[in-house]
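Student: I would like to learn how to read the features of a protein model, going step by step from one residue to the whole fold. Could we look at one together?

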Amino acid sequence: LAEGFGLAFRNIDNRVYEISLGEGKEVIGIHAHADVVPVTPANWKLADGTKLDPFKVTLVGDRMYGRGTEDDKNGIVVALYALKVAKDEKLPLARQFKLLVDTTEETTGDAIPYYFERNATPDYNLALDGGYPVVIAEKGYGTVMATFAKRAGSGKGAEVVNLTGGLATN
């Protein structure tokens, strides 16, 4: 798609996809990720009981459901089209823009460090992640590990009666 838009495109060892526009001395890095966490198909159902196929994008009313549509394909699409508009409208750019699409954000997190070992770090960086239309800049993450003895609920005090989680640490 980037090449079709006339944007410069590089595949860095299937770890990072770099889409760039502009020739400025300073570089603005726009970071997004294209990978997804492992799927639990049983969790793919709507409140009304409608079952969804996690491996297909499905339109229900005015919403699209699909793996990674919110985290983080929306950021990639918005940034890609913003670069296309800037190019098509021949907007004068004082800086070069590089959209860096990470393929390991949800799992190992080694793609961007791999990229920066081989390429200059942009002068300014934006992290596109979160729920459209709001995107956030992430400062880090953590992992909580807990062990609980299993016992029947007694109805007294605070009790964990149900706990679920994803299939990957991310």
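Tutor: Let us begin with accessibility, where buried means under 20% relative accessible area, exposed means over 50%, and partly exposed lies in between (1.4 Å probe, protein chains only). Phe 9, at 33% relative accessibility, therefore counts as partly exposed. Keep in mind that this is a predicted model, in which local features need pLDDT of at least 70 and side-chain atom pairs count only at pLDDT 80 or more, while totals for chains, interfaces and linings use all residues. Residues are numbered from 1 along each chain as its sequence is written, and side-chain values use heavy atoms, with hydrogens and water left out.

Student: Which kind of ring pair do Phe 9 and Tyr 17 make?

Tutor: Rings of Phe, Tyr and Trp (its six-membered ring) pair if their centres lie within 6.5 Å, and planes under 30 degrees apart count as stacked, over 60 as edge-to-face and the rest as tilted. By this rule there are 3 aromatic pairs. In one of them, the rings of Phe 5 and Tyr 81 have planes at 65 degrees and centres 5.0 Å apart, so the pair is edge-to-face. This pair links distant parts of the chain, since Phe 5 lies in the segment before β1 and Tyr 81 in helix α1, 76 residues apart. Phe 5 is buried, with a relative accessible area of 11%, whereas Tyr 81, at 42%, counts as partly exposed. As for your pair, the rings of Phe 9 and Tyr 17 have centres 6.1 Å apart and planes at 15 degrees, so they are stacked. Tyr 17 is partly exposed, with a relative accessible area of 24%.

Student: How do I read the sheet, and what is the order of its strands?

Tutor: Helices (H or I, at least four residues) and strands (E, at least two) are DSSP runs numbered from the N terminus, and two strands pair if DSSP finds at least two bridges between them. Here an open sheet of 5 strands has the order β1-β2-β6-β3-β7, with mixed pairing. β1 (8–12) and β7 (124–127) stand at the edges with a single partner strand each, so one side of each is left without a neighbour in the sheet. β1 and β2 pair in the antiparallel sense over 5 bridges, and they form a hairpin with 3 residues between them, where Asp 13 in the turn has a positive phi of about 55 degrees. Strand β2 (residues 16–21) also pairs with strand β6 (residues 96–102), in the antiparallel sense over 6 bridges, and Ser 20 stands opposite Lys 98 in β6.

Student: Is Ser 20 buried or exposed, and which residues does Ser 20 touch?

Tutor: Ser 20 is buried, with a relative accessible area of 11%. Contact means heavy atoms within 4.5 Å, and, not counting residues up to four places away in sequence, Ser 20 touches Leu 7, Ala 8, Phe 97 and Lys 98.

Student: How many residues does the largest nonpolar core have?

Tutor: A nonpolar core is a set of buried Ala, Val, Leu, Ile, Met, Phe, Trp, Tyr and Cys residues joined through side-chain atoms within 4.5 Å. The largest one has 16 residues, and those with the most contacts inside it include Ile 19, Leu 80 and Leu 99. The elements giving two or more residues to this core are β2, β3, α1 and β6, and α1 gives the most, with 5 residues. A second, separate core of 7 residues includes Ile 12, Val 16, Leu 100 and Tyr 115.
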